[in-house]
2 protein chains.
Amino acid sequence: MARAAAARSRRAAGVLTPVEERIIRAAVRLFAEQGFDGTTVQQVVDAAQVTKGALYHYFESKDDLLYEIYHSLIAIQLASLERILGAGDEPADTLRAMVLDLVETTAARVDEAAVFGREMHKLGADRMAAIRADRRRYHEAFRAVVERGQAAGEFATAVPAETVTLIAFGVINQLPQWYRPEGPKSPRQLGEEIATFLLAGLRPA
Amino acid sequence: MARAAAARSRRAAGVLTPVEERIIRAAVRLFAEQGFDGTTVQQVVDAAQVTKGALYHYFESKDDLLYEIYHSLIAIQLASLERILGAGDEPADTLRAMVLDLVETTAARVDEAAVFGREMHKLGADRMAAIRADRRRYHEAFRAVVERGQAAGEFATAVPAETVTLIAFGVINQLPQWYRPEGPKSPRQLGEEIATFLLAGLRPA
């Protein structure tokens with residue numbers, strides 16, 4: 001347990017070992033095919049070709065796997081967010097960069113996003129609270145950029161920043177329902193179109 | 001089976017008996033609490049206070065229940081769609097009416113929408129195809145209204161109608177993730193804000 005907790009802290013910093021990557025990939029595939037409840041730790045062990053001891057060296061429980069599936073995505077997105085905010089650009093450029101990064105990172109891990117979207121309600125209260133805090137952090141950062149643009153007169157104020165934020169995250173969080181890697185548009189192109197539309201909606205009348 | 005199939009045809013026309021309503025309500029609650037896989041037909045029978053014979057009089061299987069949970073929502077929405085399109089209004093008014101109706105009907109059945117969003121991948125291929133066809137019908141009608149406005153010069157063409165449609169359905173389909181009936185804004189107010197933003201995004205430059 002102590003070792004698994006230490007592994008969890010390391011992963012919280014975005015560092016995964018190759019064995020952890022293999023276990024997570026196996027878990028994503030099995031949860032996608034059989035659901036979280038329908039998958040046993042033994043099946044993950046078999047699919048990842050590791051020992052049960054190795055799995056428990058890194059992960060406390062099946063809950064820990066589900067948490068990590070999503071956490072590995074949101075950790076990347078939050079790191080990008082810091083970089084984007086750190087650039088200190090105007091609200092419009094900041095918003096465009098956020099949307100592009102969210103679309104590209106979600107498209108790159110679309111299976112993880114799909115599994116997590118379906119199964120997240122199975123997470124225990126502690127891990128759910130941790131995920132909610134990470135999501136809230138991005139949501140609030142996005143809303144703050146919209147509010148900054150509205151306060152500066154660069155963005156329209158007809159629709160509250162909170163609703164604009166829900167619209168932006170709506171299309172991003174629904175992406176696993178319709179995005180296909182083999183589709184005609186690249187994630188970058190989709191991101192550009194979504195950002196262009198959101199900025200058009202924010203243009204002062 | 002024949003009787004259940006007849007009941008299904010009747011429900012396809014949007015007509016549910018009080019017993020069917022009670023069974024569906026019990027199924028929504030149990031699927032929400034325990035998941036689709038974790039719920040037995042016997043538990044639905046017990047919760048709805050009907051006999052197993054009564055349930056199978058109306059529903060072929062547990063799959064049929066999951067299908068009906070969503071179908072009862074989309075059937076209402078498709079009926080509204082016909083009414084809205086039949087009014088023959090301008091694209092902007094038509095789009096606003098569609099968004100308002102989608103937000104209000106989804107908010108009114110938010111538990112059903114949440115359960116279905118999580119469990120829809122469990123549906124058998126036939127029922128999934130039927131659901132997809134219903135969703136596609138609304139999606140294509142929405143996109144056609146955007147295209148009509150674009151062709152008439154009333155809407156901007158910077159972003160393809162398909163992407164605008166994905167943005168609109170993104171926020172509507174994600175509504176179960178954040179909408180709470182006790183929240184500060186009514187479904188009508190939320191719908192008005194979302195429609196206002198979408199129409200602002202479609203305003204020609």
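How many residue pairs are in polar contact between chain B and chain A? The count is seven, with both residues at pLDDT 80 or more.

This is a predicted model, in which local features need pLDDT of at least 70, side-chain atom pairs count only at pLDDT 80 or more, and totals for chains, interfaces and linings use all residues. Residues are numbered from 1 along each chain as its sequence is written, chains are lettered from A and ligands numbered from 1 in the order in which they are written, and side-chain values use heavy atoms, with hydrogens and water left out.

**View 1. Fold of chain A.** Chain A has 10 helices and zero strands (DSSP runs numbered from the N terminus: H or I of at least four residues for helices, E of at least two for strands). The C-alpha atoms of chain A fill a box of roughly 60 × 35 × 25 Å along the principal axes.

**View 2. Contact between chain B and chain A.** Each chain is represented in the contact, with 28 residues from chain B and 28 residues from chain A (contact: heavy atoms within 4.5 Å). About 2,700 Å² is buried between the two chains, 68% of it on carbon and sulfur atoms; buried area is the accessible area (1.4 Å probe) that two parts lose on being put together, summed over both. A polar contact, as counted in the opening, is a pair of N or O atoms within 3.5 Å; within protein, one must be able to donate a hydrogen and the other to accept it, and residues adjacent in sequence count only if both atoms are side-chain atoms. Zero salt bridges are found across this interface (side-chain nitrogen of Lys or Arg within 4 Å of a carboxyl oxygen of Asp or Glu).

**View 3. The chain B side of the contact.** Helices H9 (161-173), H10 (175-178) and H11 (187-201) of chain B are the elements that give two or more residues to the side touching chain A. By class, this side has 16 nonpolar, eight polar and four charged residues.

**View 4. Aromatic pair A:Tyr70 and A:Phe116.** The two rings are stacked, at 4.1 Å centre to centre and 20° between the planes (Phe, Tyr and Trp rings pair if their centres lie within 6.5 Å; planes under 30 degrees apart count as stacked). A:Tyr70 lies in helix H5 (residues 62-86) and A:Phe116 in helix H7 (residues 110-119) of chain A, so the pair ties together parts that are 46 residues apart in sequence.

View 5. UniProt lists residues 40-59 of chain A as "DNA-binding region" in an unreviewed entry. Over residues 40-59 chain A is 75% helix and 0% strand, with the end C-alpha atoms 14 Å apart.

Key: Nonpolar A, V, L, I, M, F, W, Y, C, P; charged D, E, K, R; others polar. Phe/Tyr/Trp six-rings, centres within 6.5 Å; stacked < 30°, edge-to-face > 60°. UniProt positions renumbered as here; feature names shortened; annotations may be inferred.
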